[in-house]
Amino acid sequence: MSYPEIRPRRLRRTAAMRRLVAETRVDPAELVLPMFVREGLTAPREISSLPGVLQHSRDSLRKAAVEAVQAGVGGIMLFGVPEQRDPSGSGGLDPNGILNVAIRDVIAEVGDATVVMGDLCLDEFTSHGHCGLLGPDGEVDNDATLAAYAEMALAQADAGVHVVGPSGMMDGQVGVIRRALDAAGHQEVTVLAYAAKYASAFYGPFREAVESALEGDRRTYQQDPANLRESLREVALDVEEGADMVMVKPALPYLDVVSAVRAAVDVPVAAYQVSGEYAMVEAAAANGWINREGVMLETLTSIRRAGAQIILTYWAVEAARLLRERY
């Protein structure tokens, strides 16, 4: 049979029908909200290139965490912005550093009502802005950095974090972190590996959010945007080393990578809708060129359809509310 007996449009006639037959749904519980907390702030501060996103004070962070829980968001990813930086990124390892203090604050406020994650990387804490320690030649020293990552993981675990998110793209980072956590009695802490993190031009607004000191680029350790097979190798290595979940970052320019990773592994797959993706939509919407809410939900649906069951997005709270209204 064919037209006129077969009419696919029958399944699109009403909103109720479209909801009934939808093949892909985004659930608020699958969304993770990235949040920035800056040392020394007494009130939240706007980030100019990320409209609606804030650098939080400790007090405003706790309140925003509660708001996220009430919206039904599945997780929170915390990033710390210190007042002082040094070449070794010691503020990220310090139990009283802003990120570890923030983890304790949020855990005390919301407990297990959501999944509290900590970004495990040195770039926010180093005076040179790189994700690792520099050797005498000025290049990132992979193996020296691993020891710092292990110590940073223990500091976050001691603070009560549920999930550590190693994002530095150092070789062997997942295995070193997993062994350090287990040896210290933190077997319950989950590792979300930024397994395929690309050297992307979409990170610009994030650099403002964390007041990055980076000069140059991270192309010697983050992935080449041209490569897919290399990402699958990175993902396989991280899973072999003990990653409980893996992530692709950014999301929209790499939906093919998300799909390929989903097909390759049997652990949960996350994707990070990064600052540049968010900022482009917000800028276009501010100029009246696009329907903001429509594009927001469409992008999230595309990431979910590609195979990511966990999505980090700065729209997490707003999107969760819209999704509840829709479904």
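Author: Happy to! Two strands pair if DSSP finds at least two bridges between them. Strands β5 (residues 115–120) and β6 (residues 163–166) are joined by 4 bridges, and they run parallel. Please keep in mind that this is a predicted model.

Let's zoom in on β6. Leu120 stands opposite Pro166 in this strand. Val163 and Gly165 point one way, Val164 and Pro166 point the other way, and all are buried. In a regular strand, side chains alternate between the two faces of the sheet.

Now leave β6 and step into the loop that runs between β6 and α5 (173–183), where you will find Met169. Most residues other than glycine have a negative phi. Met169 has a positive phi of about 60°, although it is not a glycine. Because its relative accessibility is 6%, Met169 counts as buried.

Leaving β5 instead takes you to the loop between β5 and α4 (142–159), which holds Asp141. Asp141 is one of the residues in a negative surface patch, together with Asp137, Glu139, Asp143 and Asp171. Patch residues need over 30% relative accessible area. Asp141 has 33% relative accessibility, so it counts as partly exposed.

From here, let's turn to charges that pair up. Side chains of opposite charge can pair when their charged atoms come close. The structure holds 13 salt bridges. One of them joins Asp105 and Arg62, whose closest N and O atoms are 3.3 Å apart. This pair links distant parts of the chain, as Asp105 sits in helix α3 (residues 98–110) and Arg62 in helix α2 (residues 58–71), 43 residues apart. Which of the two partners is buried? Asp105 counts as buried because its relative accessible area is 10%, whereas Arg62, at 21%, is partly exposed. Both belong to a network of salt bridges that also includes Arg58 and Asp59.

The side chains of Glu67 and Arg321 meet in a salt bridge, with 3.2 Å from N to O. Glu67 lies in helix α2 and Arg321 in helix α11 (residues 316–326), so the pair links distant parts of the chain, 254 residues apart. Glu67 is partly exposed at 35% relative accessible area, and Arg321 is partly exposed at 40%.

Helix α11 then leads to one more pair. Arg292 forms a salt bridge with Glu318, and the closest N and O atoms are 2.7 Å apart. Arg292 is in helix α10 (residues 292–306) and Glu318 is in helix α11, so this contact ties together parts that are 26 residues apart in sequence. Arg292 counts as partly exposed at 24% relative accessibility, and Glu318 is partly exposed with a relative accessible area of 27%.

For a last stop, go to the segment before α1 (15–21), where Arg10 lies. Arg7, Arg9, Arg10 and Arg12 form a positive surface patch. Arg10 has a relative accessible area of 43%, so it is partly exposed. Pro4 is also found in the segment before α1, and a cis peptide bond with omega of about 15° joins Tyr3 to Pro4.

Technical notes
Residues numbered from 1 in each chain as written. Predicted model: local features only at pLDDT ≥ 70, side-chain atom pairs only at ≥ 80, totals over all residues. Heavy atoms only, no water. Patch = residues over 30% accessible without salt bridge, like charges linked within 9 Å, V, L, I, M, F, W, Y side chains within 5 Å. Areas by Shrake-Rupley, 256 points an atom, 1.4 Å probe, with all protein chains shown as cover. Salt bridge = Lys/Arg side-chain N within 4 Å of Asp/Glu carboxyl O. Lys, Arg positive; Asp, Glu negative; His and termini not counted. Charge placed at Lys NZ, Arg CZ, Asp CG, Glu CD. Helix = DSSP H or I, 4+ residues; strand = E, 2+ residues; numbered from the N terminus. Buried < 20%, exposed > 50% of the residue type's maximum accessible area, 1.4 Å probe, protein only.
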